[in-house]
Amino acid sequence: MYIDIVPNRSSPPAVLLREAWREDGKIHKRTVANLSSLSAAQIEAMRRILRGETLISADAQLQTERSWPHGHVAAVLGTLRSLGLETILGSRPAAERTLVVAMIVARIIAPGSKLATARGLDAETTGNTLGQELGLTDVDA
């Protein structure tokens, strides 16, 4: 079986799934299906299948290495910002203000010591996206 593209004069070409065989030295063709309604990507996939290639899905190729919970961080940080707590802590953006906001949000999400909060904001030992959201990279206790 193979896919044959037959040109039409003023209309789009017909894409046909065909089979061919020899009989008495002559080649005979039989149309199995008309694939003209399929997209170009679908037709290419059919060609690859007919060639004997093994197609794998994107899920099989991609592997999740790490995922961080984000919803609770976004909710607490969004509420904190809508209340205007950042501007109460400091009128201008500063590293200290960002650290204080991070400590407040971390205490609401998962109460712990300052050392645990600092470890939770570190990119290698984090358990959520708080450090990424606030742009914190290296945080010391």
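1. Beyond its neighbours within four places in sequence, Leu-50 makes contact with Met-1, Tyr-2, Ile-3 and Leu-17. The model discussed here is a predicted one. Leu-50 belongs to helix 1, which covers residues 40–50. Its relative accessible area is 37%, and Leu-50 is therefore partly exposed, since that class lies between the 20% limit for buried and the 50% limit for exposed. Ile-5 stands 45 residues from Leu-50 along the chain, and 15 Å separates the C-alpha atoms of the two.

2. Helix 5 comprises 15 residues, 95–109. From first C-alpha to last it reaches 21 Å, close to the 21 Å expected at 1.5 Å a residue. Its buried residues are Arg-97, Val-101, Ala-102, Val-105 and Ala-106. Because these residues cover an arc of only 165° around the axis, they lie on the same side of helix 5. The elements against which they pack are helix 3 (71–83), helix 4 (85–89), helix 6 (114–121) and helix 7 (130–134).

3. The buried residues in helix 6 are Thr-117, Ala-118 and Leu-121. Viewed down the helix axis, they fall within an arc of 100°, so they line one face of helix 6. Helix 5 and helix 7 are among the elements that cover them.

4. In soluble globular proteins, nonpolar side chains tend to be buried together. In this model, the largest nonpolar core has 14 residues. Those touching the most other members are Val-101, Val-105, Leu-121, Leu-130, Leu-134 and Leu-136. Helix 3, helix 5, helix 6 and helix 7 each give two or more residues to this core.

5. Apart from neighbours within four places in sequence, the contacts of Leu-121 are Ala-102, Leu-130, Gly-131, Leu-136, Thr-137 and Val-139. Of these, Ala-102 is one of the buried residues of helix 5, while Leu-130 and Leu-136 are listed with Leu-121 among the core residues that touch the most other members.

6. A backbone feature remains to be noted at Asp-24. Most residues other than glycine have a negative phi. The phi of Asp-24 is near 55°, a positive value in a non-glycine residue. Asp-24 is located in the loop that joins strand 2 (14–23) to strand 3 (26–34). With a relative accessibility of 79%, Asp-24 is classed as exposed, because the threshold for that class is over 50%.

Technical notes
Residues numbered from 1 in each chain as written. Predicted model: local features only at pLDDT ≥ 70, side-chain atom pairs only at ≥ 80, totals over all residues. Heavy atoms only, no water. Helix = DSSP H or I, 4+ residues; strand = E, 2+ residues; numbered from the N terminus. Buried < 20%, exposed > 50% of the residue type's maximum accessible area, 1.4 Å probe, protein only. Expected span 1.5 Å × (residues − 1). Arc of directions from axis to C-beta. Contact = heavy atoms within 4.5 Å. Core = buried A, V, L, I, M, F, W, Y, C linked by side-chain atoms within 4.5 Å.
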